[in-house]
Amino acid sequence: MKYVFLFSGQGSQFKGMAEDICKKYPSARTVIDEMSKASGEDIAAFLWNMEPVELARSDRSQLAITAMQVAITAVLREHGITPVAAAGFSLGEFSALYAANVLDLVTMTKLVTLRGKIMQKYCEKLDEQSKASGSGCGMAAVLKLDPERIVEILKPYSDPATGIVFAANLNSPMQTVVSGTAEGLDAAEKLCKEAGAKRFIRLAVAGPFHSPLMRGAAEEFSAVLQDVPFNDPVIPIFSNVTGKRLLTGEEAKKNAVLHLTHPVRWLEEEREIAALANAATLLEIGPGMTLCNLWRDSGCAGNCHPTGTAEQLSAVIDGSRS
């Protein structure tokens with residue numbers, strides 16, 4: 001069987017992530033311990049003991065989710081399941097870079113650790129600036145409204161230099177995520193509902209990711225990456241920034257910076273994956289079933305299977321033997 005690994009992003013984290021997986025598969029705990037050493041953080045405590053409001057911080061959720069993804073990848077590899085292609089949604093792109101050997105485990109762990117800290121710092125700065133307007137900056141999912149329509153109605157508020165809300169994740173024909181300040185999200189909610197959106201759901205993330213509001217974080221992260229080598233991928237891997245296949249390590253490195261300020265073109269990635277990896281089995285690597293649901297809504301052929309619990313992971317492993 002051929003497998004494509006799809007690594008999930010922030011927002012699906014929960015207290016107790018991967019605990020059942022580590023109890024059943026010791027190799028998963030080994031990976032988490034290795035990443036704890038590389039990051040200087042107690043990742044197991046993030047995964048199992050941290051309350052949702054604290055885990056939602058970028059400096060914690062990014063490392064916790066990535067560790068869970070790499071742990072699941074290790075278990076799958078242990079049972080002979082390896083990817084023929086990989087893609088990651090937002091944060092998940094770093095796990096995809098690891099799966100494609102663009103980054104080794106220690107380098108990837110250190111970069112995710114620094115990325116999370118940088119993003120959290122700028123999120124707090126933006127949040128402080130927007131508190132007077134309401135609940136703070138962040139992201140929200142807009143359901144059942146055409147993505148192009150959303151981009152159109154937000155255009156007056158989306159100037160790259162002065163804008164307050166932006167279309168950030170182009171997920172499916174039925175779901176787009178927007179990023180903005182408190183004022184921007186309030187305006188987007190009003191406009192989208194007036195245009196016919198079924199729901200406007202605030203997400204459990206720390207800031208307005210994938211928008212020009214994160215330009216300061218992108219500049220700081222660019223300096224971090226300056227001397228870090230990115231290898232050419234050994235399997236096909238796809239970019240959130242372009243929606244297309246990444247061909248070189250240098251391209252991956254450039255996009256890792258653009259990633260912070262540019263929208264996630266996930267629907268385009270799904271179509272590229274479907275065209276390249278025909279008849280492959282898709283696996284969502286990480287907590288939740290967000291990517292499985294987005295694949296279902298994409299119109300692309302095939303099914304996506306979750307792996308975020310020991311039961312789900314065992315079902316995939318057992319299925320590979322049949």
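Reply: A salt bridge is a side-chain nitrogen of Lys or Arg within 4 Å of a carboxyl oxygen of Asp or Glu. The model is predicted, so local features need pLDDT of at least 70 and side-chain atom pairs count only at pLDDT 80 or more, while totals for chains, interfaces and linings use all residues. Residues are numbered from 1 along each chain as its sequence is written, and side-chain values use heavy atoms, with hydrogens and water left out.

Me: How many salt bridges are there by this rule?
Reply: Side chains of opposite charge can pair when their charged atoms come close. One of the pairs is D33 with R29, with N to O at 2.9 Å. By the rule, the count comes to 17 salt bridges.

Me: In which helix do D33 and R29 lie?
Reply: Helices are DSSP runs of H or I with at least four residues, strands are runs of E with at least two, and both are numbered from the N terminus. D33 and R29 are four residues apart, about one turn of the helix. Both lie in helix α2 (residues 26-39).

Me: Is D33 buried or exposed, or partly exposed?
Reply: Buried means under 20% relative accessible area, exposed means over 50%, and partly exposed is in between (1.4 Å probe, protein chains only). D33 has 40% relative accessibility. D33 therefore counts as partly exposed.

Me: How many residues apart are E51 and K15?
Reply: The side chains of E51 and K15 meet in a salt bridge, 2.6 Å from N to O. This pair links distant parts of the chain: E51 is in the loop between α3 (43-49) and α4 (52-55), and K15 is in the loop between β1 (3-7) and α1 (19-24). The separation is 36 residues.

Me: Which kind of aromatic pair do F89 and W266 form?
Reply: Rings of Phe, Tyr and Trp (its six-membered ring) pair if their centres lie within 6.5 Å; planes under 30 degrees apart count as stacked, over 60 as edge-to-face and the rest as tilted. The ring centres of F89 and W266 are 5.4 Å apart and the planes are at 75 degrees. The pair is therefore edge-to-face.

Me: In which helix is W266?
Reply: W266 and F89 are 177 residues apart, and both are buried. F89 is in the loop between β2 (83-88) and α6 (92-99). W266 is in helix α12 (residues 266-276).
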